[in-house]
Amino acid sequence: MISGALKYPPFTPLEVQPFGTDILGFTIFAKVIQGFKYTFFIGLFLSSAQILCGLLFSVLSLYKLGTALLLPVFSYFDKLFTLIPKPFLLLLLIGPYYHVLLFSAEDVPPEANMEFMLIQLFVLFLVGLPNLVKLYHAELAFLFKQDFALASQTLGSSKLRSVRYSFKPQLTELILNLFFKILTQNLALFIYLAYFQLYLGGSLETQLDATTKYTVTMSNEWSGLIGQNINRLASTPWTVLVPLAFYGGLIFMLNGIKRALIGGMQNQSI
């Protein structure tokens with residue numbers, strides 16, 4: 001009941017402030033607030049794992065066994081992933097699980113929801129790792145050719161000690177740059193997945209009437225909110241534009257944090 005008249009969702013932002021409702025009647029503002037923790041912390045966890053594991057494999061690749069085994073493998077997959085666009089690659093790898101784990105509103109096993117999310121994160125992790133290892137390895141190879149590194153090794157310093165202490169300023173700046181770059185890329189990949197209704201955490205299929213079905217994200221993650229309403233952009237634009245504005249604001253804020261951190265480090269080194 002709005003303004004004394006019986007109406008049905010979706011409601012515009014003028015009817016239900018501040019951002020209106022979706023087709024089921026849930027307020028967009030509540031969904032955005034609920035989905036922030038999934039969007040931010042999933043992206044943070046995934047990017048941190050990629051950064052740390054990429055550095056670990058890069059250090060291992062400095063040794064003979066790593067150079068002979070690890071580096072060729074990561075180089076091969078880096079070239080392969082460069083040839084195949086990541087959105088299509090993710091669609092091929094994650095897509096087969098979609099129909100298996102597409103639930104109805106009456107039967108949603110929570111453990112399957114978590115299983116699907118772990119599968120998605122694992123695939124995203126593997127797809128982003130080879131390029132990170134190559135970038136780290138190139139930077140470490142460059143640093144080991146510098147005069148101070150050669151002098152340190154002549155005096156008996158090990159490669160691992162050089163990485164931990166001698167290269168700490170350079171690697172810290174590199175890690176910060178790569179972290180925010182990878183985090184932004186992962187957030188973009190979330191939207192690509194959501195466009196194909198491969199929402200993080202799985203999907204919930206709701207029967208609106210005898211002929212209409214509506215598939216929604218189970219986690220209310222922001223990219224999922226965009227993807228579930230993208231086909232209704234013309235009729236209910238606020239259901240897409242509001243989460244998209246928050247998404248863009250998050251990326252803009254992350255870039256601002258990166259510039260501030262890098263600028264502070266550079267000022268301290270002067």
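I began with contacts, meaning heavy atoms within 4.5 Å. Among those in the protein chain between residues at least 6 apart in sequence, 67% join residues at least 24 apart.

A note to myself on the ground rules: this is a predicted model, where local features need pLDDT of at least 70, side-chain atom pairs count only at pLDDT 80 or more, and totals for chains, interfaces and linings use all residues. Residues are numbered from 1 along each chain as its sequence is written, and side-chain values use heavy atoms, with hydrogens and water left out.

**Overall layout**

I found 9 helices and 3 strands in the protein chain. Here helices (H or I, at least four residues) and strands (E, at least two) are DSSP runs, numbered from the N terminus. Read from the N terminus, the order is α-α-α-β-α-α-α-α-β-β-α-α.

Next I looked up burial, where buried means under 20% relative accessible area, exposed over 50%, and partly exposed in between (1.4 Å probe, protein chains only). Of the 270 residues in the protein chain, 41% are buried. The accessible surface of the chain comes to about 14,800 Å², and 68% of that belongs to carbon and sulfur atoms. Such areas come from the Shrake-Rupley method with a 1.4 Å probe; for residues, only the protein chains shown count as cover.

**Aromatic pairs**

I then turned to the rings. A pair of aromatic rings is described by the distance of the centres and the angle of the planes. Rings of Phe, Tyr and Trp (its six-membered ring) pair if their centres lie within 6.5 Å; planes under 30 degrees apart count as stacked, over 60 as edge-to-face and the rest as tilted. I noted 14 aromatic pairs by this rule.

Phe148 and Phe167 are edge-to-face, because their ring centres are 5.9 Å apart and their planes stand at 85 degrees. This pair links distant parts of the chain, 19 residues apart: Phe148 is in helix H5 (residues 147-154), and Phe167 is in the loop between helix H6 (159-166) and helix H7 (168-195). Phe167 is buried at 0% relative accessible area, whereas Phe148 is partly exposed at 38%.

Trp222 and Phe246 make a tilted pair, with 5.7 Å from centre to centre and 55 degrees between the planes. Trp222 lies in helix H8 and Phe246 in helix H9 (residues 238-269), so the pair ties together parts 24 residues apart in sequence. I see that Trp222 is buried at 4%, while Phe246 is partly exposed at 31%. Both belong to one aromatic cluster, formed by Phe19, Phe29, Phe36, Phe40, Phe41, Trp222, Phe246 and Tyr247.

How many of the residues of H8 are buried? I counted 8 of the 8, so H8 is largely enclosed by the rest of the structure. Among them are Trp222, Gly224, Leu225 and Ile226.

Asn220 sits in the loop between strand E3 (213-217) and helix H8 (222-229). Its phi is near 60 degrees, a positive value in a residue other than glycine. Asn220 is buried too, at 7% relative accessibility.

**Two more spots**

I stopped at Pro18, in the segment before helix H1 (28-60). The peptide bond from Gln17 to Pro18 is cis, with omega near 5 degrees.

With 32% relative accessibility, Asn131 is partly exposed. Its C-alpha atom is separated by 7.6 Å from that of Phe74, 57 residues apart along the chain.
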